[in-house]
Amino acid sequence: MLAEMITRLFERSLDDTAQAAARGGQWLPALWAEVEEMGLPLALLTEDQGGFGLSLAEAGEALRLLGSHAMPLPVAETMAANQLLAAAGLPLAAGPAGLARADDLTISNGRLTSTVARVAWGEQLDCLALAVGDKLYRVPRSGWSVAEAGTALNFHPRPSLALDWAVDAEAALPWCPLAGGATVRTYQIAGALEAALDLTLSHTATRVQFGKPLQKNQVVQHELAKLAGELACATAAADLAGEALARRDVLGVAAGSLRAREAAGAGASIATQMHGAIGFTREHRLHLYTTSLWTWRDEFGGQVSWAKLLGSAAIAAGGPGYWPMVTAL
Amino acid sequence: MTAIPFPAPPADSAEVVALRAEFRAFLDQQLASRTPRQRSDNWYGYDRGFSRAMGQAGYLGMTWPKQYGGHERSAFERAVIVEECLAAGAPVGAHWIADRQSGPSILKFGTEAQKQAFLPRIAAGELSFGIGMSEPDSGSDLAATRTKAVKDGDVYRVTGTKVWTSFAHEADYVILFCRTSGTPADRHMGTSQLLVDLKNTPGLTIKPIIDLAGQHHFNEMHFEDAIVPADMLLGEEGQGWDQVMSELAFERSGPERFLSSIELMVQLIEVLKGRDSDAAQITVGRVTARLAVLRRLSRSVAGMLQEHQNANLQAAIVKDVGALFEQALPEIARELVDAEADPRAAGAYASVLANIVHNAPSWSLRGGTREILRGIIARGLGTR
């Protein structure tokens, strides 16, 4: 039901012109208004928290659709930020939101000052769900200015923010914002890979070389099979991360996120190769997905830090403890 | 969108959680003296005593009806037993094929007499099966099978040769895939399955095929006008192909498709413990993520099979991705630890690494080669 509504919205209001504008750093207020009207920012909340009480599968489907349409607004981030704010008992965002962790932060005389690197659409946000140690803050837009411009591989803005805000409330941190952000990214990656496989199947079915469609060649079929394998892994990885976040298990999030990040790179590479030169252009829609995959796989903690977290836990578990640790993920 | 559904497996019930704990205790006790090198044999470990202990404790024929010695438990409960066995390196070879595919085939296609004769003994861990499919000229191309069974009164007279039959020299029975009419040109038409007694079939000779590790798992089975009672026909004459194909999703998506080298991971972590590095943590983290996701994919397919959904595409994906994973482990280990593998070493790490390096090539051959699987996946995507 929600999935159909989202799909209809995107088909109606998210065309290539909008995508191009977003790549130029332009905010899409009309599209955001429609997203908000549909209630998408509340999609991860329980009914008690003011949401719709969607199942994990339904929420995951919504997030995958954001990926499979290369949604050029911080909708997934806002969903994750609201989920975190609600769990902490803080007010929800009144518009688009971001989430971040500040590692070098000072609070003196009740003022919080810090720099937060590379926040998606940072200038346009209503608020930031910011973790400092074991506390969560809801920093309003008036609490920061842009310290430095930044651009993601899909050309969406990633400014770094200079925070300077008089703290008015704080709450205990329910879970790390990076875990929430990484989890929604796994679903987006799975969605984008779904779209990339679709485009690749369609291209290799219609593109004729040497007198036959590309996909009649066994070597092409095998690459398509590998791409399907990466999609399968990303899909399962997203569900794994989503379930882990629901029980606040950061190692499970790490496992899902890492495998999805790996699939993003491997899948983008196969899809581009199978498209030939046209996949390397802005004329073909594939680039919306490949550039987003390359963006999303490095955000909310990098591959190295997530792998170290999971790997050090695995090594600490020891040989005999390894399998029990895996079955708990 | 070309979504390839992998529905979420159900969360472990209280019964499943309890079963896992109970079974881990059983394995700890059963396998106390098993060395890392032995554990690394994975499902090539063969020990009738262990299989009988499994049967007596009620861990075989888990999902089968009680009237045939089964325990009427869910596919997920069986999956717990299977993955825990593999992860612990239990010697499951003496019941592996029977419990995984021969028994389920007999349950599905067998006569009442066959069910009563075979299933309770399999569930008791007393009856060991092998697979009689591949032939010298028919490997991936199973439909080219030549072995011929000609009905003669109340027997079949069987002539032909089967290869790669693991443990034919130890096991009690194989399910023989053969041609009961026509010629190899008829492809899957006219094929049938026979239950063949390996210990007591006149005209059957079994010869070892030694693998590159010097080990004897494989055999060649040569049938020279061998006599098989006609009541050992499994299912319908001429329906052999469909019967065999229905087994494949079960055969291709289980945890044996990504856990073959798990003992190397266990030993690698033992070596790394206390002297790990950033590189070791990063690598182990990434391997663990792949393993956790493969396990989820496999459990997802188990859920689909439990619901009687067609999972052939998903099962082929699990096996393809799974084989890549288990084959990559020795290469990954070599990037973290300098060690010369030695098949006769006393030390755990060198001997396990040797066994894994020697056996890894077979993992993308057995049960459907990588190339066949990718063809199946491509067809599932609608390309042919």
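1. Interface between chains A and B. In this predicted model, 48 residues from chain A and 48 residues from chain B make up the contact. The two chains bury about 4200 Å² between them, and carbon and sulfur atoms give 69% of that area. On the chain A side, the residues that lose the most area to chain B are Ile315(A), Tyr322(A) and Trp323(A); together they account for 19% of what that side buries.

2. Overall dimensions of chain B. The radius of gyration of chain B is 21 Å, and a compact globule with 384 residues would have a value near 21 Å, so the two agree. Along the principal axes, the C-alpha atoms of chain B fill a box of roughly 70 × 45 × 45 Å.

3. Secondary structure and contacts. Chain B contains 12 helices and eight strands. Of the contacts in chain B with a separation of 6 or more, 74% are accounted for by residues 24 or more positions apart.

4. Burial and surface. Of the 384 residues in chain B, 58% are buried, taking buried to mean under 20% relative accessible area.

5. Charge. Which charged side chains does chain B have, and how far apart do the centres of the two sets lie? There are 40 positive and 46 negative side chains in chain B, and the centres of these two sets are 3 Å apart.

Conventions:
Residues are numbered from 1 along each chain as its sequence is written. Chains are lettered from A and ligands numbered from 1 in the order in which they are written. This is a predicted model: local features need pLDDT of at least 70, side-chain atom pairs count only at pLDDT 80 or more; totals for chains, interfaces and linings use all residues. Side-chain values use heavy atoms; hydrogens and water are left out. Helices (H or I, at least four residues) and strands (E, at least two) are DSSP runs, numbered from the N terminus. The radius of gyration is taken over C-alpha atoms; the globule rule is 2.2 Å times the number of residues to the power 0.38. Buried means under 20% relative accessible area, exposed over 50%, partly exposed in between (1.4 Å probe, protein chains only). Contact means heavy atoms within 4.5 Å. Lys and Arg count as positive and Asp and Glu as negative; His and the chain ends are not counted. The place of a charge is taken as NZ of Lys, CZ of Arg, CG of Asp or CD of Glu. Buried area is the accessible area (1.4 Å probe) that two parts lose on being put together, summed over both.
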